Amino acid sequence: MHETSVAESILSTILETAGRVNAQPVGATISCGQFNALNDEVMNFAFETAAAGTVCEGMTLTIRHVPLRATCRQCGTTFEFDIYRPVCRQCSSAEFVFKPDAPLLLETIEFKDGKE
Ligand SMILES: [Zn+2]
């Protein structure tokens, strides 16, 4: 499953960072785009499972979903793509090009003593 491999890779990065700064991680924020979107519930479970027995056990994982953006070919407006209303916000044109999707990213790690 997509989430399991993401959880494992994120966990190893957090463990590595925690070891380097010698602090206990308490939370982390990851962001993802629309094409590589994570299911929050599955992701939290996968992370909990992977983190069990490590210093990351009990950490809070926050998942930020970054909307897909598109630029209109008619008026040049860049807008957040909405699958239920796939037209330009400005001129209602259906001709637009997608911006690159947001990558899957580990944004921040919070540590117990406030270090980052
Ligand atoms: Zn437009």
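Visitor: Which residues does Ile10 touch, not counting residues up to four places away in sequence?

Guide: Two residues are in contact if their C-beta atoms, placed from the backbone, lie within 7 Å. By that rule Ile10 touches Ile30, Phe47 and Leu106. Residues are numbered from 1 along each chain as its sequence is written. The model is predicted: local features need pLDDT of at least 70, side-chain atom pairs count only at pLDDT 80 or more, and totals for chains, interfaces and linings use all residues.

Visitor: How many helices and strands does the chain have?

Guide: Helices (H or I, at least four residues) and strands (E, at least two) are DSSP runs, numbered from the N terminus. The chain has two helices and six strands, in the order α-β-α-β-β-β-β-β from the N terminus.

Visitor: Which residues of the largest nonpolar core touch the most other members?

Guide: A nonpolar core is a set of buried Ala, Val, Leu, Ile, Met, Phe, Trp, Tyr and Cys residues joined through C-beta atoms within 7 Å. Buried means that 20 or more other C-beta atoms lie within 10 Å of the residue's own, with C-beta atoms placed from the backbone. Here the largest core has 18 residues, and Ala7, Ile10, Leu11, Ile14, Met43 and Phe47 touch the most other members. Helix 1 (2–21), strand 1 (25–32) and helix 2 (40–51) each supply at least two residues of this core. Helix 1 gives the largest share, six residues.

Visitor: What share of the chain is buried?

Guide: Buried residues are 20% of the 116 in the chain. The C-alpha trace spans about 55 × 30 × 15 Å along its principal axes.

Conventions. A residue is buried if 20 or more other C-beta atoms lie within 10 Å of its own, exposed if 12 or fewer, and partly exposed in between; C-beta atoms are placed from the backbone.
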